Amino acid sequence: MSSFEADPFYTVRDNVNVQIEKLKTRHEKFEHLTKTTDTSTNADFKDTRKTLVKEVRAAEKDLKGLRGAVDMIEKNRAKFPQVQDAELASRRAFVTEAARKIAEVRGGLESVAVRSKMDQDEQRANAEFNANPMAKDNASFIANQQQQTRRMVEQQDASLDSLGVAVDRLHAIGKDINEEVREQSVLLDGLEQEVDEAAQKMDVVTGSLAKLLKTKDGCQVWTIVILTFILILLIALVVWS
């Protein structure tokens, strides 16, 4: 498997592309329903609008992850040599274009034309409501129930948003910890190599001492003293480094 195939960026990118296509299709349906139905009472319009809002949020969340990945590579180029400059520029361009498309759909949900149509339908429904006393009582009950339901849904959405923020925070902390572990692993590998090299040098010195200790020659005794000093110095260097 190549490094590009193993890169999670491409999996998330493909998922974002699918989400954008779904957003485009649903937004076209939303615009059609806005123009051709009574938005104050049409259940299909309300369901489509609600679903579209959730899908926009999901796409924005995934795109946020891609943007974070691109930012991390740009800030740490030395750690990602497999991502060439041209590839990085391509990723940045994709994130920018995807953000534009998603923002376009979000803007369409609250455009002046959509808001104007919804207000007109609401005003017409209110006029009909006020003209019929019995319908007024029924509508009042229904409106009260709908308001309570909306309040519950808003509270659930707020809880989900808070949970999403907490999950994102934990994800960021996990990435920081993983990066720290990698750096510590590199340092430990370097220390282990230095210890091995020092051990080899000490083995050589120890072997020389073992041979020289068998003689009483003065020069050789001084050689033993010097080598002993070198051994102590090497041990000190290993301990202090």
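A salt bridge, as I use the term here, is a side-chain nitrogen of Lys or Arg within 4 Å of a carboxyl oxygen of Asp or Glu. I searched the whole structure for these and got 15 salt bridges.

Housekeeping: this is a predicted model, where local features need pLDDT of at least 70 and side-chain atom pairs count only at pLDDT 80 or more, while totals for chains, interfaces and linings use all residues. Residues are numbered from 1 along each chain as its sequence is written, and side-chain values use heavy atoms, with hydrogens and water left out.

**Salt bridges**

I looked up arginine 13 and found it paired with aspartate 14, with 3.4 Å between the closest N and O atoms. For exposure I went by relative accessible area: buried is under 20%, exposed over 50%, partly exposed in between (1.4 Å probe, protein chains only). Arginine 13 comes out partly exposed at 26%, and aspartate 14 is partly exposed at 39%.

Then I checked arginine 77, which bridges to aspartate 85 with the closest N and O atoms 2.8 Å apart. Arginine 77 is partly exposed at 26%, whereas aspartate 85 counts as exposed at 57%.

(Helices are DSSP runs of H or I, at least four residues long, numbered from the N terminus.) Arginine 100 is partly exposed at 43%, and so is glutamate 97 at 32%. I also noted a network: Arg49, Glu110, Arg115 and Asp119 are joined by salt bridges that share partners.

**H2 against H4**

How do H2 and H4 pack, and at what angle? Helix H2 (residues 8–36) packs on H4 at about 25°, and their axes are 10 Å apart. The axes are lines fitted to C-alpha atoms over the stretch in contact, and angles run from 0 to 180 degrees between N-to-C directions. Under 35 degrees counts as roughly parallel, so H2 and H4 get that label. I logged the crossing as left-handed, meaning the near helix is turned anticlockwise from the far one by less than a right angle.

For contacts I took heavy atoms within 4.5 Å. On the H2 side I found, among them, Phe9, Arg13, Ile20 and Phe30, and on the H4 side residues including Glu87, Phe94, Ile102 and Leu109. The contact residues divide into 11 nonpolar, three polar and four charged.

Methods:
Helices (H or I, at least four residues) and strands (E, at least two) are DSSP runs, numbered from the N terminus. Angles under 35 degrees count as roughly parallel, over 145 as roughly antiparallel, 65 to 115 as roughly perpendicular and the rest as oblique. Ala, Val, Leu, Ile, Met, Phe, Trp, Tyr, Cys and Pro count as nonpolar, Asp, Glu, Lys and Arg as charged, and the others, Gly among them, as polar.
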